[in-house]
Amino acid sequence: MAAHSTHEPVGVENAAKPVTLGQIVGALMFALVAAALAKFVSAQLLPVVIAAGVAYLMPTHLAENGKVRGAFGLMAGLLTLFVVRMWPGAEAVVGEEAPVESHTLLAWLVALPVLASIAVLFMPRQSPRLIQGFTFLAMIAELALSLPLLSVNMGRAFHFNQDIPWVASLGIHWHVAVDGVSLWLVLLTTFIVPVAAYASFGSITTRVKDWCFALLLLEGAMVGTFVSLDVVLFYVFFELGLVPMYVMIGVWGGTNRIKAAIKFFLYTMFGSVLMLAAILYLGWTHAKLTGTPSFDFFDLQRVQLPTSTMQVWLWAAFSLAFFIKVPMFPVHTWLPDAHTEAPTAGSVILAAVMLKMGTYGYLRFSMGLFPESCAKYGPTLAGVAVWGILYGALCAWKQDDIKRIIAYSSVAHLGYVMLGLFAATPASMEGSVLQMVNHGISTGALFMLVGVVYDQRHTRHVDDYGGIAKKMPLYTALFVIATMSSVGLPGLNGFVGEFMIITGTFTSGDGKLGPARGLQAMFAAFGVILAALYMLTLVQKVFFGPLKNPANKKLKDINSRELLAVAPLIALMFIVGLFPRLLLDQMHDACARIEEEYAERIQANPPGKDHSYYTGPIKLLAKSPNAPAPGTAPDAKPTTAPDGDTH
Amino acid sequence: MNAFYSLFSAEEFSPLAIVLGMPLLGAFVNGVWGKRLGKEAVKTMALSAMAISFFAALFTFAALNHHVDSSAVEKVVEGHKVVEHEHVKLSWLAWEWMRASGAGGLSAIPIQAKFSVDALSGIMMLVITGIGFLIHLYASNYMETDKGYWRFFAYLNLFVFSMLILVLGDNLPLLFVGWEGVGLCSYLLIGFWYDKLPNAAAGKKAFIANRVGDFGLICAMFLIAHYCGALDWTGIEAGAKSLLSPDMVHVWPFGNAHYDGVFGFLQPKVPLMMTGATAVCACLLLGATGKSAQMPLYVWLPDAMAGPTPVSALIHAATMVTAGIYLICRLNFVFVLAPGVMAVIAGVGAFTALFAATIALVQNDLKKVLAYSTVSQLGFMFLGVGSGSFTAGFFHVLTHAFFKACLFLAAGSVIHAMHARVHDDEKSQDMRMMGGLKKYMPLTYGTFGAATLAIIGFPLTSGFFSKDEILFRSFSNSYQWVDKARAESLKMWMPPAYLGKIYYVMGVLAATLTAFYMCRAFFLTFYGDFKGWKIGKPVAAEGHDEDDHDDHGDDHHHDDLTIPGAAPHESPRPMTIPLIILAALAVFGGLLNPGLAKSLFHLESIPLEHWLEPVFATSMAKGIHEVEHNLSMELMCTAGAFSAFAIGSGLAYWTYIVNNGAPAKQWAAAAPGLHKMLMAKWMVDELYDATAISMVDGLADTFVGADKIVVDGILAQVTSFLAAAFGTAFRAVQNGMVHVYAAAMVVGVAGFSWFFAMPHAEGMIVDKGNGDFIVAAAPGFGYEYKFDDAQKFGATSEKPVHLDLPAADKSDKAKATAPVTKNVVLTVKNVFGIQDTKTFVLVRTPAKDKQMIGQN
């Protein structure tokens, strides 16, 4: 430390006004008052108090001016508001007035970013600040617009349902709705995208207009994917998201960006084209059975195909598309390339949200439409998922590119998510959905943090670093927290999901995972050791040891813009880790519903001699009682009471 | 006072929040603002947090005592008055945490953030906060010149918080939070001086070795969730019976699967199985060996000495490493169900005690000696709990916390004094550089001596009583079935009784070695002549700035130790006061549980045993057979323990004081191979490197290679090659010559014509479920259809068919469930008059029919 203090202006620490004990006592009093408020007066005041407290207590070197201070305060306030509002039993405090569910909300949620992206096209290329400001504002508006989704108690039903014929002759509808599962993925999207965009504004300086256009279009497509209940609509959004990401990697990526972009595009495209064929076949079958074509999820759910032949093929076409997107072993190799070459914000969005399209798609469509096939191949695929966990972890250990390490760690993490889905117990599915959000938070934060040093040093090679903890203490602290979250340290977010998935795997009944489930659970737990191995090796090589490389001596600690971007993610790691019930309570009933529908179909068609669950002719089942009430016509009043609430 | 205690009910005992909250607050304040707070404020924050926490813990303990007393019931057993207590628990629910899948995946187990304190965790809580406070006080001076002062106290407070969660958590996942939390703090504190690579590597090694143990704990958790359907202590105890259910864990073949095929010969006729209890206990044991540094996962602890000495005292001696023993004591009712694992625990303990003691014999680094001694003493604790004497094992946790913390702090005091002149970390801890410090550091000498007496088992000191009790119990205890009928039906293995005798002998041997190496360390450090540097008047120009000793960078000048310097000095008061308190506890702490005195003087009860009785009562009564009132056997065992002390320390005295170390050199020369092995710590690290680590390493290399060549190669390279190959092939056809195109067209037109000219009888069956079927023929150009034996072809492409079930005939069940079938023949004719025929088989199954009606 002595050596380094000679390079810096003497007495940096003394120059800043030290915090006095008085201030600390003040802060403690303040915390006491806040706690008392929460306990006895009204929890509603707490966010304001916390916001003010954080804004006041923020160390000066992190928040150099009032604007940054205010932003930190605002963020703390919003997060507190989230905790207070979602706290179990908080409804009683809020009051009993039934929230009005707007049927057009989801349409706006999809339309806003898309419209904004079109608006960006008409803005002057010469004023990047204007475009960036507009983009960010649109994203914040989107985030604000998505918050009313939390005002409804999700329960088992679908909410904010809107169903309008789109291509009436083919039975294609604009059918969007959210339930407890998609709710969190929509919120994850609207939350991560502005954070990533904000972080990118410092590092993306070329073709800003195109960048903002791509970001906004991508956000619209991702939200659309998570809310679509019409399979064709889902497919459209699923594919639409591909294009901006392809451009983002191809234009703003690293040295091998073209190859990575093409690989990314071809891999995902291959799967989704098969899915399109399967979608068409399903729609055609529905028309055969009922006389009218339909691509609505709830209509297609009624089509019972024999597991011995056609269902397996359709299921495979759907699932392959999702497995490639997740990505599961062995179709994962596009991911490390894409992550490595993508710009920081691209990696963040890709890891945090786009991969979830695959896991979400499997949960919603593969398990919803073809439960028998899922049950038939679930045990085998669970083995593949566990293999992926170990494989991804060991590959991550041997990489020497920081982003590649994190990319392979994603393969391992998403192995857990898929394992939880294959286990198909209510709690393991909850764990999987939670883990989707968790992976978004932790891996998003890790990629963003890697971006901080990449912007300064323009290298991602582990060996180019070493001992930089000395130069970047705060950055190191944040990186270690994110690492621990990724490793699954209990108390942080990663553990909760992993624990629920692993217990779910072991306790999963004989009908779901086969006799090897004990082994699968054990190896999944073994992955926890390997996670520590590769992440801590990375941390040790990059941050600890002597500072050898002279180029690193000029490194500056994380600045307030970067901190502002990563702080909410770090805060969420603690919030989700300590209070996972905030999220779990909303998704609990939805997961239970999905599991019930799944188990019902399997029990109705127990496996025969050839291990096929259903060998009879194609037939039409009764409509699921959980489907939302018939959709609103385009001219229906949006003031109608919340529908579809069946419990 | 009683009214004061009853302010808080046992179910909602919120003072626990203060015990837990204060260290967290200290960690938070110091961690966030510490850098700008200044040393005084950091110290005030950390120490006051610990002090308040300690007082709150004292209050909690007093309240617990009050609740215990009020639950007391007097009974008369065999003419003696016996006071019996209930197992009292004070708990506090913070919030609902999450849920996990229960048995069969159907039930959900709620997991709460709930904390509770009972007799067992109460003592741990006092040790953690009490000794924690003393060590904080010590460290406030020891670390004074370090730049990372604030960071150090933030980590240390965080550690105390995690450790408290570990002992106070009311369920296994919450314990796991603390379990990993202390691992994290240990990682951060071992690598505290992170700019030195070995320190950072040692931290990583500790974390990963611990993670191997944590893997066991995770496995134990899902097994318990599956068998007991609960994860909190009360629930596990209630559901522990089902751990012995016939639903056993199939070790081989996995999960009772049945394999045919090539590897069928690997499948035994009778599957290899173990009970749920054995599986759970084995997993827990793996977890405990990781945290408590036992074979085979002990290797991280000696390396962990790279951290600052107060850390070694607090984390790697007094508290964290005893977590494994705490876990076994906590779940004693599970462990007694698996006597086989209990015997393994005792065996692991005895072996580790002996093994680590042999390594400690030859180490020259003072802290390394203490580290191996800690491993060895933890082995004694395992021996105790494994023999079924949970009280004895836990008592050793307590006394070990006193004397080992004292030893480490005294060693720190010595190192602090050495470090004033010797800046090399390794040299300043090397006992060959010390000697004769008795004269310069009397307080340190006295306290180190007192603690040494305790650890070598000098009669009437704390270590004497606790070690004696462990050895006696391992000799005399035997296991018995908790549920004999069931255990026999499951064909469980009962460890033979002679194992205890073997363990006893190993224990006595280890105790002898302990006495020898501790006395050796004591004599080498404090007796003889000082060998560090020449003592004399310091030369002003060469005098080293004493405040600079935090600077471990490689930039400072080489120390010339031949230049005379000031004599080593005694440490200041904040460091010696904790030493004195701990030394007093080390000497007199044995009075808490003088097992020998109980038998000698026929005492009705001794404090600790009496206090812990409700915790272990049930499992001790059912699972362990204890020898009662056998004074002669106890005296014989004590004689063994005493002679271990006498021989070991006497030999050390003869070697190092009388003969000034000469015999030690002769022995080393007499058996150079053995000496080399001992110096190299039996090459265990190298063994692990060569086996487990290189295996994982090789596997990872293979995977990386396969990822590049096989996975990516086949999926990406081969497909792209195929696409390119087809492209090349087709390009050859697209050669631009009109006559080639025309020829291709002719072939194509002919093919299509043939297809359209021939009719195709295709169709599908629609099953309405109630016996109505529709056979729908596929359409085609100018098709006419004929079904079955109809006379004419018609335009209708569908034919409805109804299949009736036979009239219900109750006498003939087979007939009632037999499927009804019917064949429908479809004939298709096209405009050219060519015909094609296909037969469809309609099947109606009565059983399925009913199901479908039920669904609709």
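A salt bridge here is a side-chain nitrogen of Lys or Arg within 4 Å of a carboxyl oxygen of Asp or Glu. With that in hand, let us walk through this predicted model, starting inside chain A. Where do A:R156 and A:E596 lie? A:R156 sits in the loop between helix 8 (128-146) and strand 1 (159-167) of chain A, while A:E596 belongs to helix 25 (residues 581-604) of chain A, so this pair ties together parts that are 440 residues apart in sequence. Over all chains, the structure holds 28 salt bridges.

Staying in chain A, have a look at a pair of packed helices. Helix 17 (residues 344-369) and helix 18 (residues 371-398) of chain A meet at an angle of about 115 degrees, and their axes are 6 Å apart. Helix 17 of chain A brings A:Y362, A:S366, A:M367, A:G368 and A:L369 to this contact, and helix 18 of chain A answers with A:P371, A:C374 and A:L381. By class, the contact residues of these two helices are six nonpolar, two polar and no charged.

Now let us turn to where the two chains meet. Chain B puts 71 residues into the contact and chain A puts in 88 residues. About 7,400 Å² is buried between chain B and chain A, with carbon and sulfur atoms giving 70% of that area. Charged and polar pairs feature here too: seven salt bridges cross the interface of chain B and chain A, and 18 residue pairs are in polar contact across it, both residues at pLDDT 80 or more. One salt bridge to find on your screen joins A:D585 to B:R99, whose closest N and O atoms are 3.1 Å apart.

Which elements of chain B give two or more residues to the side that touches chain A? They are helix 2 (15-37), helix 3 (39-70), strand 3 (90-101), helix 6 (172-190), helix 7 (197-228), helix 29 (684-733), strand 9 (763-767) and helix 32 (846-855) of chain B. Helix 7 of chain B gives the most, with 16 residues. Sorted by class, this side of chain B has 45 nonpolar, 10 polar and 16 charged residues.

Our last stop is a sheet in chain B. Three of its strands form an open sheet in the order 11-13-14, with antiparallel pairing. Strands 11 and 14 of chain B stand at the edges with a single partner strand each, so one side of each is left without a neighbour in the sheet. On average, neighbouring strands of this sheet are turned by 25 degrees against each other, direction ignored.

Strand 11 (residues 784-787) of chain B pairs with strand 13 (residues 820-829) of chain B over four bridges, and among the partners are B:F787 and B:L826. Strand 13 of chain B also pairs with strand 14 (residues 835-844) of chain B, over 10 bridges, and here B:T827 stands opposite B:T837. Strands 13 and 14 of chain B form a hairpin with five residues between them, and B:G833 in the turn has a positive phi of about 85 degrees.

Notes. Residues numbered from 1 in each chain as written. Chains lettered and ligands numbered in written order. Heavy atoms only, no water. Contact = heavy atoms within 4.5 Å. Buried area = accessible area lost by both parts, 1.4 Å probe. Polar contact = N/O pair within 3.5 Å; in protein donor to acceptor, adjacent residues only side chain to side chain. Nonpolar A, V, L, I, M, F, W, Y, C, P; charged D, E, K, R; others polar. Pairing = 2+ DSSP bridges. Axes fitted to C-alpha atoms, helices over the stretch in contact; angles between N-to-C directions.
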